[in-house]
Each structure stands twice: as C-alpha cells, then as structure tokens.
Amino acid sequence: MSVKAAAKNSGEEFPKREPAVKSAIVISPPQELRALPVEQLYRKTDTASLKFSTTAELEPIDGLVGQERALEAIRFGTEVDQAGFNLFVIGPNGARMQAAVKAVLAEEASARLRPSDWVYVHNFADPDKPVAIELPAGRARAFQTTMHKLIDDLKTALSAVFQSEDYQTRRSAIDEAFQKKQGEAFSALRDKAAERDIVIVRTPLGFALAPAKNGEVVPPDEFNTWPDDKRQEVQTTIQALEKDLEHIIHHMPQWEKQRRDEIRQVNRDTAKYAVNQPIEEAENAFRDIPRVLRHIETMRADLVENVAVSIVKGEEGVPDPAALNDGNLFDRYEVNLFVAQDDGQGAPIVEELHPALGNLIGRIEYVQVRGALVTNFRLIKAGAIHRANGGYLLLDARSILLEPFSWTALKRTLRRGEIAIEDIARFLGWTSTVSLAPDPIPLKLKVFLFGDRLFYFLLAALDPEMTEHFKVLADFENDFARTPENEALLARLVSTLARRDGLMPLERDAVGLVLEHASRLADHAGKLSLIVEQARDVLIEAHYNARKAKRDIILRLDVDDALSARIRRAARLRDRVQEAILEQVALIDTAGAHVGQINGLSVTELGGFAFGRPTRITCRVRPGTGKVVDIEREVELGGPIHSKGVLILAGFLAGRYALDTPMSLFASLVFEQSYAGVEGDSASSAELYALLSALADVPLRQDLAVTGSVNQHGEVQAIGGVNEKIEGFFDICQARGLTGSQGVLIPQANVQHLMLREDVIDACAAGRFSIYPVANVDEGIMLLTGMAAGERGSDGAYLQGSINSRIEDRLRAFASVRRSFARGRDDDRSGD
Amino acid sequence: MADEAHTFKRLVVGLEPRASDRAMRVAVDLAELLHLELLGLFIEDPSLRDLAAFPFVREFQPMGGGWRSIDLDRLTDDLDIAIRSAERVFFGAAKDLTTRYQFKVARAGAAEAIASISRLGDIIAITEPSTPAMRATRHFSWFLNAAFHSDAAVMLAPFQVARVKGPVVAIALEPDDPSIRAAAAIAVAAKENLIIVHGPEGKDDDPQYRKLAAETGLSITHAFTGNASLSDLTTYARVLRNVRERLVVAARRTLEPELALALVSSRHVPVLVIVPS
C-alpha cells in the first residue's frame, strides 16, 4: 500500500509517530514561569488609609467624581452661548450621568437669571395665529389672573349695563321709533284706505287691497251691482293705494338698517361705558409692558365692537352661532399661561423622560364640539423645550431617537433658533380640521443629550447634522485610578449614596469591600469603577441584610453576602453549564494529557452577569497546502475576530517553521461541543498550543486551562474577563477535587486585572490551584508539555528533541509527502 | 288647592300662517302648567277667496315677490300650505303636552268663529303681529276684537318672548281682584313668586293676601303705582323696572285691549287678560 493510499484509507494524520510523552508529565517550570503569588491575585483595600469608622462621619460629595474630562466639557459647553454648542454626554450605563450633570448644572443655573414667562393670547386680526407675549419672569401668572378677573368684572358690568333701565330705555326708544315709523305709515295707509272704503287684507303670503263696506270686503256679486263709474273709482283708488303700499314696503329695509345702526351705536356706547374702568384698572398693573397694553387695547376694541352685540343678541333670545363655536364669548379674552417661571431661582433645568413630539415641542389639542374637532389658542400646550427655554434641557438619546419625528424636530428647532409648534397629525393627514399656527417663540436653550457611546459614534457617522448641533462631547469615564486619594473619594461617594437612599452607614471594612468590588467591576486591580448605579445596588442589598440582622450599621459581612446573593440569583445558567461538565455531558478533562487537545476558556455574559467556562479545543493535522482550517468559521459559527485569530496561527507557523520549505500542512481546529457562535480571539493561544501539540505529537496537560490571544510572533496578548475565566475553570476543578497541579495560564498583561474570588485565592494560597502568567507561546508550551519549546542553534536548527524541532521535522515530512505525491502525478502523466 | 283656584279649562291658540314657535311654546307651557286642554284654531277668512273675483285686486308679496294678480287656485294652494304649516308648528309645540290637544280650521269670520267655539273657561291666545304691516291688516284687529268680545280670557303673546322664567305679576285694583287668584294659581304651578301691582288705592295689609300666602305657600311681593293710574303704560315701566317677570295677569276692566297690547310690546312677555267669573 502506498503512502498515498494508506493515508487515504486510514483517514488519519500521516506520518504517524509515537507520542513523546504518553502519560504523566513532570512539571518543572523555570523560575520565571512559577505561579503568581497570592498578593497578585487580589488587591485588598488598605483600610488603614480610610480615615473614618463609619460613613456617617464622611462629608457628602455631589456632582462628578473622577470625571475631570467630562466636567471640563460640561463647564465649557454651558458657558458658551453660541448656537450649536449643545452637549452630547456619553458614558457607560449606570454612571448616573444625568444626576451628575444636574448637580453641576444646579450651581450654574442658580447663578443665571430666570428666563421670561410666555403666554399665548387670541389674535383678534387672525384667530388662526395666536399671539405669543413675553413677560418678565414671574409676571405671566399675574397677567393671567388679572385678565381672568377682568373678564369676570366685564361679564358682570356688561350684563348689568345692558340690562339697565337707561340702556333698555334707549334701546326701546329706537325700537319704538322704528315700530312707530312703520306703524304710522301703515296706519296712515289703512286710514286713508278706510276713508275710501278700501281695506287691507292679509293673504297667506302678503297683502291685498279690496273694496269694503262697513269694514268688511264687499261680496263680488254685490260689487258687480255697483254702477260702472263707482266700480271704476274703486279700481283707481286701489291702484293709487297700491303705490302707497309699495312705497312703504320699499322704505322698510332702509328703516330697518337705520334702526340697526342706531342700536349698534347705542351698544358701542354702552359697552364702552361698561368696559373702560375695568380695563383701565387692568392696564395699570402692566404699564411697564407695552406688548401687554397693546393686547388689552385690542381686546377693548373687540369687546366694544363684537361681544357687546353678541350679549344683546343673547338677551333677545337669539343665540349667535359664531359665539357657540368659540365656546364662551369671553373665552377669547382669557390668557393661556404657557410657561411661567414662578418657582425657584435661576435658569430652569428640565429633564424630559418621554420626548414624544408633543411633549418636546408642544402640541395643539382639540376638543370635540358636535362631532367636529375644534381648537383655539387656549389648547396650545407647552413642550419640554418651552419649559426649559432660557435654561437647560436634558434628554436621553435613545428615547428621542425612538420617538417618531422628535429627533428631526429637535434639530429643526435648534437650527431655526425658535420654537414652532408643529401639528404632526395635520402634516400626516390624520386630521383635516382647522388648526392653529401659533407665533414661534425665540429659543435660547442648552440641550444635553445623554446616551451610550455607540449612539454617539453611530449618529456622528450617519447624521451629519448631529455634530452641527451637538458640538461639545462630554465623555464619562468608566473608571479611575485606584489611588488612596481616589479610594477616599469613592468612599465619600458611597457615603453620599447611602444617605441619599436613606441607608445605614457602612463601617470602614464594608467600604473596603465595596471599593474592592468597584475594582472587580472595573476589571482591573488598579482601578475603581465609576458606574455608580452598580455600587448603589449592592449598598441597598447590604442594607437589607443588615436590617434583617437587626443591625444599625452595614458590615463587611453584609456587603459580602449581598455580592454572593447577587451572583447566586443570576447564576442558574452558569450552574447548569458546570453541571453538564461535571456529568460528562460536556467533555472537559481536568487531569491527564492529550495530543491536540486543550482547555480553552470563554466568558458568557447574560443579563449583566458574566461567568467563565472551559471549552475543549482540539486540533488534527495532515499534509496539505498550508491551510489552517477553522471549523467554526467554515460552518459560520465563528465571528470575524475569531477567524482572524486562527489565520494568525498560520502566519505564526509559516514564520517560525517554514523558512526553507513551503507549508505543506492541513490543520483543522474546532471548539468541541460548541453549538453557538464563537467570537473573539482570546482562545487563539489555546488553539495554537493545540496545533503545536498535534504537529509535535506531544500531549498537552488537561489540568491546565488557557486564555490569551497570540500574535504572529508568538507573543501572548491580553484578553477580557480574565477573572471570570479563571473562576470558571476553578469551579470545575474544585468540584472534581483540587489536585494541586491544576491552574490557568493567563497573559502576563492580564495580571494587573486580577481581582479573584476569595475561594480561588485561598486555593492558590494553599498550593491547590495556580495562576500562571505567560508572555509568549514558548512559555506556555513549556507549562503545558513540560518540554522546552527549543531555540534555533547556530546552525539554524532547533535543539534536537525540543518541541520546535519535532514540529519542524513534522512539517518537513508533510512537505516530503506532498513532493512524492507531486512526483507520482508527474510520472503518471508521462506514462500516459 | 291652588290648582282649584282657577277656572280655566281650555286654551285656544289663534293660529296664523307665520306662527312663532316660541310664542306657541309659551301657550303650550301655560296649558301644561294649568292642565288645560289645548285647541289650535286656524281661522280662514272666507272673504279671501272673494278677492279672486275682483280682476283689479292684486296681492303684494313683500319678500321680493312684488305685485301679482290673485288666482283662486293658487290662493287655495297658498291657504292649504299656510294651514299645514300652522298645524305642523302647533303639533310640534304640543307633542309633549300631557293634556288633550287638537287642531281645527274655522272658515268663518273671526267673530263667528270665536263665538261658536269659545266658552266660559277658555283662554284665547293671540300672538302679537310680527310687523306693523301685519298689525295694520284687517285680520289682526278682527281677531283681537272678536276675542275681547267673547266670554273667554285673552292671552296676548309677544312675537319674541323675552323670558320664560320669573315671577308672575298680577295687576290688582282691589284685594279680591280675580287677577290675583289666577296669577297665584299660575305662580304655584310654575313654582314662581307672585308680585301684586296695586293701583292708587291699593294696600298690602289686607288679610286676604296673608290667607293666600298661607294657602299656597307663595312668596308674595307688593308693588305700588302711587298716584299713577293703572291705565297708563309708563306706570308699568316704572313699577316693573327691576322685575323680570314671565307673565302679567290683569282683569279685562283693568287692561283695555290696546293697553294690553302695548304692555306686551314693551315688556316682551305674555299678558293674560281675564274675565271676572
């Protein structure tokens, strides 16, 4: 059987060699590869540097802690008045950016003048365009009250004056004169007719003149017996009287017009008399605001011209249809108190949590009247921008982007420099009823938009207008350096949070643990997380524990229990994963050694809880075209970064071993029992060890797990979630029984990030578990195989028997096989 | 008790082609208040049809119609339309009435029609003409005279009624003036106050007033004309200056037809002129 045929039939790697080490490997790493000392696994708080017994002794701290960069941006943004210098505040969730910014703004706002009040009033010239009037801060409510009282007074005064005897007398005199004029004309006609034996007869639709005798119409038969000349005379008389009747009838519209004019003039005079004094009194309070005086004067003219007439009509029992449409006749004189800066001092700070279009830029409401939707200036409602105008408006970027039209409307408002209320329902054709176009109000506003960094970067990339309107970026830090000063600062913040939420004070050790937890949250022993919300959650839970234990102070124990309980509540999935490993459903070895097999480590984060888990990575090799196949990628379960990591392995192999021969390798790498996507390159060093093991045919220790990415030069690089990864493997080993040889290889660069769980530290301290920092692949391979990787000698060859030497030999053998295959193919062709 | 104080049985509403809904409503309300039977009476002047026999007699229609000759067929149609219109207005106003009501057309002279229909215990309601032109016609004076010459009480209603709520005013020459009991009966039914206007000789301390108040539970106010005569229209303007009454009641001997009509025109409320029993 030819080599080629054997390889095909067996389907195994070729050439097959005996493993260099088959069973136990004697671990004797050099001094520099020793496990990390316990001190480097966790950085305890130096409680001696915290100068207090309990947080009750600490001064509260408001505003921004550890956010100098953001603070500088906020101060700059708030002090620049030019358009466009609004702020986009970004940072991690839970950093309480809004609260921090509010605290900073509160100082700024109190030093500024209260902005103007605004009211909307009826536009007497064009009712569809309500008029906006600006008043000094705090005066709008007085204006509204004054006008309301004025209206009440006018109602009484007008009603009284139009019911007065004087008015009734004048009015009756006009009516009577009119009636008299008509009556006299008709009476004269009637009398004139009667003298000539003619009567005026009423027909169903008008009048007729007929010959009469004793006041009754002469029967036709009798009339026909009259002499001809008498009948002719009657006829002539009637014709003359018809002309008189016609003359009177034709004069009636003129008389009626004259009557109306006279009544209108009386109404005007009467209304003027009634309104003058109350209006003068109302004006006296606003002599310093010409715009208000102008409005009141317009109102006076309208009252005299229109309302008085309507009142009179009502008195007569004839309702005015137009007045019905407008509701109460006097409603149009009311004042819509739009924005009133009554409370507090300084500029307003408004946070709009629901920035729907109407809530943001105001809206026009409608009421249903006899089945139709109608509106008027009193139904114009202010939005958050109106309320914040002259001050600061705080908006959540996600919320405003989720609301239809709001983001665009905000930008449009900032661009226009004035607030125009847009009736979106009308634009979209949802309503076809008459709407309003209220006067726009000048804008003088500083907008703060809060959001994730991702939102900012996406908007910056996709919406060019964003940077035009939000020129100032305030980027909140996730963490800050863990110096004694900063620890003291954070302790004060902890104290402030506890007080703000009405929690018990914390003892010093408890604060120490909170600070250590802040380091763990920062994923860095040398930093403290500034995500205040997470710390607050722990404090509340610790307070609960202390209260349950009937204490009046929070101890370290309470904080510790809180942290454990939080993990316990969230760890159901982690426990199920570990259970599957322990029950051999998910295959993970924690003892022994295998060729081409290694324990990689991954992190799963769900619902804010992250946990690490070991994953078996295997590798098989055979002669090929120099390709390292990532099976995850082939089946589209691997993300691009993961694929990149695998491709780097080929680069490493080529650079280290294929210096004089082409790479004739086919290697396949797989995450065993991985059924979901794999992303990230933190397993690339583990994959490389598996590949090297398969090539060298040297088994790898299964009591070790590996994390870290690798570059083409074989340097092991830092990864994220190092603590969770270590703890994930530790949990499995501990469940199976710690042997003392178990441990985890981590990148050297990740040592500074270690803030491990107490049980892991205890095991390491007792020599039952180890954390190995690794700087490069050679160090890792030595730990995993117990054999030196080997270096090239002066002859350019690796030390015989070293891992590298075995790999290079194997690759040469693959190349030889490929060449023999190539020759065989050429021979076959020439034979043909 | 107060219901028994009046002797009215029926309200006869004189209807015309352009009847006022609101004036009709006043009549219906009074019928309901006093539990009166209601009769809508349209009197068709028979001499109207004779006009067609005069070739030179023409009809003038004020609303732009101008002069036109009188054609009997068209006149008949116009009359039918007028009757149907008056009938519709009448039934529209009376539809919620809890007492009996009917509509009749009388083709006779007003005097004959009233004489044949009216009886003691009737109130004949006549609405003031809407225009002086109407007032000048034979029709109105004819109807007014017929009513005032009948045995029935006459209620003159304004074309436009100022108000339908307010006290009831009785104009009394003496404490046992029939207008007082009639006005009291209406005031009790309408849950209104009673105001008694006394002439020059009138006094408010008569025991009959206290008795009436005790019997009916009415709040009775007295107003005095002083030396002014009750037959002078200006007297009422002065005495009733601050009163917003819904109805004025007087005896026929107190208010002559012309004065009653003038009072209706000036107060814009109905005036009920009753006949002593």
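Reader: Over residues 315-326 of chain A, what does the pLDDT do, and how many contacts beyond four places in sequence does the model have there?

Author: This is a predicted model, and over residues 315-326 of chain A the pLDDT stays under 50, with 16 contacts beyond four places in sequence.

Reader: And what is the mean pLDDT of chain A?

Author: For chain A the mean pLDDT is 87, and 92% of its residues reach 70 or more. Residues 1-28 of chain A, however, have a pLDDT below 50, and this stretch has 32 contacts in the model beyond near neighbours in sequence.

Reader: Switching topic, how many residues of chain A are in contact with chain B?

Author: There are 33 residues of chain A in contact with 35 residues of chain B. Among the elements that give two or more residues to that side of chain A are α5 (165-195) and α7 (228-284), and α5(A) provides the largest share, nine residues. By class, the side of chain A that touches chain B has 17 nonpolar, nine polar and seven charged residues.

Reader: Which strand of chain B does β5(A) pair with?

Author: β5(A) pairs with strand β3 (residues 58-61) of chain B in the antiparallel sense, over two bridges, and the bridge partner of A:F207 in β3(B) is B:F60.

Reader: Now for α18(A) and α19(A), where do they meet?

Author: A:A510, A:V514, A:H517, A:A518 and A:L521 in α18(A) meet A:Q534, A:A535, A:V538 and A:A542 in α19(A), a contact with seven nonpolar, two polar and no charged residues.

Reader: At what angle do their axes cross?

Author: The axes of α18(A) and α19(A) cross at roughly 145° and come within 11 Å, and the crossing is right-handed.

Definitions and conventions:
Residues numbered from 1 in each chain as written. Chains lettered and ligands numbered in written order. Predicted model: local features only at pLDDT ≥ 70, side-chain atom pairs only at ≥ 80, totals over all residues. pLDDT = per-residue confidence, 0-100. Contact = placed C-beta atoms within 7 Å. Helix = DSSP H or I, 4+ residues; strand = E, 2+ residues; numbered from the N terminus. Nonpolar A, V, L, I, M, F, W, Y, C, P; charged D, E, K, R; others polar. Pairing = 2+ DSSP bridges. Axes fitted to C-alpha atoms, helices over the stretch in contact; angles between N-to-C directions. Left-handed = near helix turned anticlockwise from the far one by under 90°.
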